[in-house]
Amino acid sequence: MGFSSLGPEAALAAPAGNCVNASGACLFSIDTSINNGATTPTTNGYTDQLNPNLGTSFSSPIVAGIAGLMSSVNSNLRPAQLIARLKEGAKPFPVSTDTTVQNCRVPASSTDLQTAECNCTTSTCGAGMANAPGAIKAALRPIAAIAVPATVSAGQNVSLAGTGSAAACNHTITTYAWSNVGNSTNPIQGANTATATVVAPATGSITVRLTVTDDAGRQDTADVVVSAAAATTTAPANANTGKCPAVVLPVAVTVTPATATVQAGNGMKTFAAAVTNTSNTAVTWSVNGVAGVMPWLA
């Protein structure tokens, strides 16, 4: 961790390479495939402890790649939500069984360097280790959204709308549930509908929670605080960005001739395929169990 950032500013940790030793073999090189060319591609090779791969320059692209996968399954996720769910899906930091290895610490100054191996904690290295399967699982959850009125007064009926909630791509919100948080017993009208109504208290505040569930049983929650003067929430008013890709249906294809015999050896047989749906981008084919894709250029 001699060159990594430490402290509460770190969101999560991703793989990096470190040498530690002043000479000889590096202890923590990232072993991966490389090309040995300096300015143009030449021979391929691998990094190892004697030909090390060091630094954190590849840590950010790894996390960016995971974020791209998350967006592909739920294009409604905004940057702050991507970060939160990257953290949600992270793996816990392992703890070394070597008692001589200390926990990582936040540097007290620019000259306070921790150059030895150390155990990461959530207070020094972020929420955990970047984990693609966990992050994608978190991304697939729906997003609870609450629209609140611009003005509120004591005793007023306050309408809270969860209609802007959104599910992941190719999924839908199936149920809405509003509930009181804490010791509040404030009546909620429309507790099992997309829009609920509560009465603003004369003093203090109440907290109401919206839980949305999608058609796969995945859930998300959002809270709104209602006082005599305002209704506030950190949830978006509308989570549906409309960016999810449209579902591509199979293409209907007819082949002429319908049956043909391909010669053995290097023989070739020409088939003519008529595509009846030109809005698709590719046609799949299969011959004797061997499949392939024929690009469709409209």
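Start by selecting helix α1, residues 59-73, together with helix α3, residues 132-139: in this predicted model, the two pack at an angle of about 30°, with their axes 9 Å apart. An angle under 35 degrees counts as roughly parallel, so α1 is roughly parallel to α3. Look at the handedness too: the crossing of α1 past α3 is right-handed.

Next, show side chains where these helices meet. On the α1 side, pick I66, L69, M70 and V73; on the α3 side, pick A132, A135, I136 and A139. Which classes of residue make up this contact of α1 with α3? Colour by class and you will find 8 nonpolar residues, no polar ones and no charged ones.

Now move on to the largest nonpolar core, which has 23 residues. Select V158, L160, W178, V198, V208 and V226, the members that touch the most others in this core. To see where the core comes from, switch to a cartoon view and highlight β3 (157-161), β4 (173-180), β5 (195-199), β6 (205-214) and β7 (219-227), the elements that each give two or more residues to it. Among these, β6 gives the most, with 4 residues.

Zoom in on L160 and list its neighbours, skipping residues up to four places away in sequence: L160 touches I146, A147, V148, W178, A194, T195, A196, V198, V208 and V224.

For the last stop, select M70, L86, A166 and A239. These are among the 14 residues of another core, which lies apart from the largest one.

Notes
Residues numbered from 1 in each chain as written. Predicted model: local features only at pLDDT ≥ 70, side-chain atom pairs only at ≥ 80, totals over all residues. Heavy atoms only, no water. Axes fitted to C-alpha atoms, helices over the stretch in contact; angles between N-to-C directions. Parallel < 35°, antiparallel > 145°, perpendicular 65-115°, else oblique. Left-handed = near helix turned anticlockwise from the far one by under 90°. Contact = heavy atoms within 4.5 Å. Nonpolar A, V, L, I, M, F, W, Y, C, P; charged D, E, K, R; others polar. Core = buried A, V, L, I, M, F, W, Y, C linked by side-chain atoms within 4.5 Å. Buried < 20%, exposed > 50% of the residue type's maximum accessible area, 1.4 Å probe, protein only.
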